[in-house]
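Good morning, and thank you for coming.

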Amino acid sequence: MFLALKEIRHSKTRFVMIGIILVLISWLVFILSGLGNGLAALAASTFKNMDADYVVFEKGSKASMGKSLLSGELTARLTEIPGVEAASPMGIIFGSAVRESGDPEEFKLDIALVGIEPGSFLEPDVAEGAGLDAGSPTHVLANESLKDEGFRIGDTFVLDGTTEELTIAGFVRDQTYNHIASVFIPIETWRKLAFAAPGSDKGLKDPVNAIMLQGKDIDPNAINERLPGTETVTRGQAVQGISGYKEETGTIFMMLGFLFVISAFIVGVFFYVLTMQKSNQFGIMKAIGAKNGFLGKAVISQVFVLSLASILVGILLTYGTAAVLPKGMPFRLETSWVIAYSLILLAISLASALISVRTVVKIDPLKALGRVE
Amino acid sequence: MMTHGLEMQSVSKFYDAGSERVTALDRVSIRVEPGEFVAVVGPSGSGKTTFLSIAGALLKPTEGAVFLNGKNISALPDKQLSDIRLREVGFIMQASNLVPYLNVLEQLLVVKRMSGKVTPADKAFAAELLAELGLAERMKRYPEELSGGEKQRVAIARALMNDPGVILADEPTASLDTKRAHEVVSLIARAVKTRRKAAVMVTHDERLLSYCDKVYRMEDGRLSLADPAPVA
């Protein structure tokens with residue numbers, strides 16, 4: 001540690017430059033992971049935050065809400081299956097909210113209309129205002145982001161192309177689906193809006209898109225056997241089935257993976273070159289009696305100090321960036337991920353420093369007796 | 001028989017260069033007593049460096065025995081050799097062989113650090129050595145701020161830091177002018193006498209031999225006692 005710190009202090013410029021590269025790498029890693037998290041939340045937070053374990057879809061729908069249509073009558077039969085503690089139907093349609101009065105162009109807003117049974121386990125906690133009420137079928141719960149568009153509790157809007165006037169009874173937090181704000185609505189009203197066109201319900205009674213289940217010990221195969229024409233998946237699989245979700249998160253994770261591999265090489269090469277430049281010094285110290293362990297520790301502790309400081313600066317920069325990012329940008333940092341990625345980066349640095357230690361071990365102390373005549 | 005200082009008994013070193021076998025050292029025997037300052041001169045390629053490397057536990061001999069302070073080091077494993085170098089040998093290498101990012105005092109203390117902790121007594125000893133070599137004012141300077149002669153004096157102090165039995169100097173005046181060369185070698189000679197070290201200096205600089213008690217000549221790997229030191 002002594003040699004490591006002395007050297008960093010003596011050749012500040014050199015180490016600051018390497019530090020900057022490490023800072024930039026860690027900054028990029030954290031920003032990417034924040035963006036990935038943000039996008040994933042935007043795409044699926046309504047699903048991810050739901051208190052459900054399994055989802056029953058129509059067979060062949062590939063866990064996609066849009067492709068699945070079931071009869072709501074199945075709900076009662078599902079609760080009879082062993083392991084199922086609770087079941088509740090759900091439906092999603094997309095539409096535009098049009099605010100009453102004023103210029104309609106200006107007040108159109110894309111929303112995901114999520115039909116649920118009021119009071120069921122699918123209803124999210126209310127952050128502000130009142131929850132859903134079966135007695136008030138036109139009262140809805142909207143994601144908080146609607147506030148930014150000027151909506152307040154008690155405001156009304158209609159779904160574009162329909163005449164039903166909906167009233168915002170309360171707001172909920174972190175509820176988005178496929179990148180747009182979710183609006184929760186009693187399922188009866190949802191059906192009216194979703195199947196307004198004759199025949200669009202395919203003749204099913206009480207049609208819904210999917211039925212959510214609670215119960216840790218559910219056997220999906222047993223349900224598929226008991227109820228032909230259905231397909232039961234875990235909530236996680238249902239999240240993967242959201243259109244575009246896999247592709248989106250896959251892209252981000254691919255970038256992160258490559259970034260880690262690239263940073264391992266960059267960092268490794270830097271430390272290697274740094275060590276090679278000092279091979280003469282190491283030779284001298286070996287000649288006067290330094291053991292490999294002494295010099296190896298110096299190299300490793302130097303890399304550790306430098307990487308740790310750089311990663312910490314990277315984290316600070318990331319939080320700074322998050323503070324100035326525009327509000328609409330989907331950016332979400334989770335402390336656990338920041339810690340995990342910091343540790344991965346630190347591990348990569350130390351592992352690549354081991355290559356340098358190997359070269360130190362190989363340096364021949366005889367080098368110190370070289371001639372300069 | 002317990003001998004202090006350095007003793008080599010019929011030491012040979014062979015290298016395989018392609019199909020040829022090169023003899024770098026040919027049955028070299030030498031004995032250097034504590035308090036004795038010996039010079040080895042000879043043309044380049046004569047085996048001086050190999051001789052010094054073997055005496056300093058940097059290289060193992062092919063044949064023969066090397067005793068440092070009575071201990072036979074010719075068959076020790078590498079790990080113990082670095083320990084021998086640390087405790088028993090003080091190397092004075094060519095100028096500029098200091099660690100660039102340590103100041104003069106730290107150059108000495110790092111030697112102590114290699115074997116463990118630095119005690120206040122070590123610090124005091126380092127300061128004493130530096131004062132003896134006229135470096136008391138330069139203790140906080142870095143090598144880049146020192147002249148060639150000063151650097152070499154730091155190297156002498158570093159070699160003495162662990163109080164070794166044997167001092168080995170490898171062309172200590174290679175990059176110095178005549179005045180500084182005399183200054184450095186006289187300092188080595190004085191330290192050897194007052195501290196009772198067995199010292200060997202490899203040099204091609206015949207101006208400096210008057211400081212030495214004995215002069216050996218190395219030619220084609222053979223070591224022989226030279227005629228009384230030639231006057232420069």
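This is a predicted model: local features need pLDDT of at least 70, side-chain atom pairs count only at pLDDT 80 or more; totals for chains, interfaces and linings use all residues.

Let me begin in chain B, where the axes of helix 3 and helix 5, the latter covering residues 148-161, come within 9 Å of each other and cross at roughly 25 degrees. Angles under 35 degrees count as roughly parallel, and helix 3 of chain B and helix 5 of chain B are therefore roughly parallel to each other. Helix 3 of chain B makes a right-handed crossing as it passes helix 5 of chain B. On the helix 3 side of chain B, the contact is formed by Val104(B), Gln107(B), Leu108(B), Val111(B) and Lys112(B). Helix 5 of chain B contributes Val154(B), Ala157(B), Arg158(B) and Met161(B). By class, the residues of this contact between helix 3 of chain B and helix 5 of chain B are six nonpolar, one polar and two charged.

I turn now to chain A and to its helix 10, residues 292-324, with two of the partners against which it packs. One partner is helix 1 of chain A, residues 2-10, which packs against helix 10 of chain A at an angle of about 55 degrees, with the axes 7 Å apart. That angle makes helix 1 of chain A oblique to helix 10 of chain A. Their crossing is right-handed. Leu3(A), Ala4(A), Leu5(A), Glu7(A) and Ile8(A) of helix 1 meet Ala298(A), Ser301(A), Gln302(A), Val305(A) and Leu306(A) of helix 10 in chain A. These residues divide into seven nonpolar, two polar and one charged.

Another partner is helix 2 of chain A, residues 12-48; its axis and that of helix 10 of chain A come within 7 Å and cross at roughly 45 degrees. Helix 2 of chain A is therefore oblique to helix 10 of chain A. Here too the crossing is described as right-handed. From helix 2 of chain A, the residues in contact include Phe15(A), Leu22(A), Trp27(A) and Phe30(A). Among those they meet in helix 10 of chain A are Leu306(A), Ile311(A), Val313(A) and Leu317(A). How many residues of this contact between helix 2 of chain A and helix 10 of chain A are charged? There are no charged residues, against 14 nonpolar and eight polar.

Chain B contains six helices and ten strands. Its C-alpha atoms fill a box of roughly 50 × 40 × 40 Å along the principal axes. A compact globule of 232 residues would have a radius of gyration near 17 Å, and the 17 Å of chain B agrees with that.

Chain A has eleven helices and 13 strands. For chain A, the box filled by the C-alpha atoms is roughly 100 × 55 × 30 Å along the principal axes. The radius of gyration of chain A is 29 Å, whereas a compact globule of 373 residues would have a value near 21 Å. The domain assignment of chain A gives domain 1, spanning 2-43 + 246-369, and domain 2, spanning 69-208. The centres of domain 1 and domain 2 of chain A, taken over C-alpha atoms, are separated by 48 Å.

Methods:
Residues are numbered from 1 along each chain as its sequence is written. Chains are lettered from A and ligands numbered from 1 in the order in which they are written. Domain bounds come from an automatic or database domain assignment. Axes are lines fitted to C-alpha atoms, for helices over the stretch in contact, and angles run from 0 to 180 degrees between N-to-C directions. Helices (H or I, at least four residues) and strands (E, at least two) are DSSP runs, numbered from the N terminus. Angles under 35 degrees count as roughly parallel, over 145 as roughly antiparallel, 65 to 115 as roughly perpendicular and the rest as oblique. A crossing is left-handed if the near helix is turned anticlockwise from the far one by less than a right angle, and right-handed if clockwise. Two residues are in contact if their C-beta atoms, placed from the backbone, lie within 7 Å. Ala, Val, Leu, Ile, Met, Phe, Trp, Tyr, Cys and Pro count as nonpolar, Asp, Glu, Lys and Arg as charged, and the others, Gly among them, as polar. The radius of gyration is taken over C-alpha atoms; the globule rule is 2.2 Å times the number of residues to the power 0.38.
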